[in-house]
Amino acid sequence: MGSIRSISIFGFLANWSPFFLVAIIFATIVFFLITMKWYKDIPGGRPLKKSEGVLFVVLMILLYIMKGAPIDLLSHIIFSFHMLQMAVIFLLMIPLLFFAIPNYLIDYVINMPYIKPIFALMTRPIVALITFNGLFSLYHLPIVLDFLKQNATPHSLYTILLSITAFTMWYPIFNQKDKKQLSGLMKLGYIFGIGVLLTPSCGLIIFAQHPMYKTYTDPEAWMSAMSLCVPTGTLTDVLANSGISGPQYFTNMTPKDDQQTGGVIMKVMQEIFFGFMFYYVFVNWSRSERLAPEEITRLSLEEKRKQDAYFKKFE
């Protein structure tokens, strides 16, 4: 019996995904070129705020930790890490994108001719709620997850689709421009609705009486899944020389315990993240309700004056 640390036997490429790191660095450079140099060519463009730049870098580091560092490899071995990965990416990182990417850049992309009508439909609250949560629940059906975990292209496409629908789901709450789309009370109800729709899939995983996923229990299915993230030659050598026969080599948990732990991780992290969201929405809603219209106008003008003074330094 090995331990989680034993994943080092799969080698540097599998554990640290250097090519993915290069892609993240490239995307970060492009982001800063657009927001600090080319922003004048985009309607409504303005210099990047320091807080936006810092948060974007933090999110890129977190993305690498979740999808490039050993956590990604562990997500193919231990179901608990898969659920940790899902919770952090879709319930934390994507909402924070709205505070890292300037709203003019988001508006520029979503107002492109072929994107605008689709995005307008996908961000309708009911559609957005059903689409992401439906795809998330479908993903965790045993037959679907086992298929995706063993086929690289469908898995990548489905992950991209989940990311897009997660963005459209959080847009009605956290977009920085169309803030009147939902009232404060409706935003609180909307967040509650997301939690309600996520509960059935978490409950199914937590209360199942037996392990549901072959990818995490069946040696043949597991090795097929591992071939997607470990170079073929390395995987063959490891299996031949180590005697590993399945994911249980890396953990003392039974498959059922691992599955239940994963469901609990998703549910607990959901409650934590949603708690912060409730607080953020409630505070902003309460503040706006207390202010008279004249005070709101004065504060808006004052904020615009400060922003104009800040942005003039970059002209």
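Start with the aromatic cluster: Phe 99, Trp 170, Phe 174, Phe 274 and Tyr 280 form one such group. Keep in mind that this is a predicted model.

Now the aromatic pairs. Counting rings whose centres lie within 6.5 Å, the total comes to 20 aromatic pairs. Take Phe 31 and Phe 32. Their ring centres are 5.4 Å apart and their planes stand at 80°, so this pair is edge-to-face; the cut-off for that label is over 60 degrees. Are these two residues buried or exposed? Phe 31 is buried, at a relative accessible area of 6%. Phe 32, at 21%, is partly exposed, because buried requires a value under 20%.

The next pair is Phe 98 with Phe 167. Here the centres are 4.5 Å apart and the planes make an angle of 20°, so the rings are stacked. Where do the two residues sit? Phe 98 belongs to helix H5, residues 79-100, and Phe 167 to helix H10, residues 152-174. The pair therefore ties together parts that are 69 residues apart in sequence. Both Phe 98 and Phe 167 are buried.

Last, a residue in a loop. Asp 218 is located between helix H11, 184-207, and helix H12, 219-226. Its relative accessibility is 31%, so Asp 218 counts as partly exposed. What does the side chain of Asp 218 reach? It reaches the backbone nitrogen of Ala 221, at 2.9 Å.

Methods. Residues are numbered from 1 along each chain as its sequence is written. This is a predicted model: local features need pLDDT of at least 70, side-chain atom pairs count only at pLDDT 80 or more; totals for chains, interfaces and linings use all residues. Side-chain values use heavy atoms; hydrogens and water are left out. Rings of Phe, Tyr and Trp (its six-membered ring) pair if their centres lie within 6.5 Å; planes under 30 degrees apart count as stacked, over 60 as edge-to-face and the rest as tilted. Buried means under 20% relative accessible area, exposed over 50%, partly exposed in between (1.4 Å probe, protein chains only). Helices (H or I, at least four residues) and strands (E, at least two) are DSSP runs, numbered from the N terminus. A polar contact is a pair of N or O atoms within 3.5 Å; within protein, one must be able to donate a hydrogen and the other to accept it, and residues adjacent in sequence count only if both atoms are side-chain atoms.
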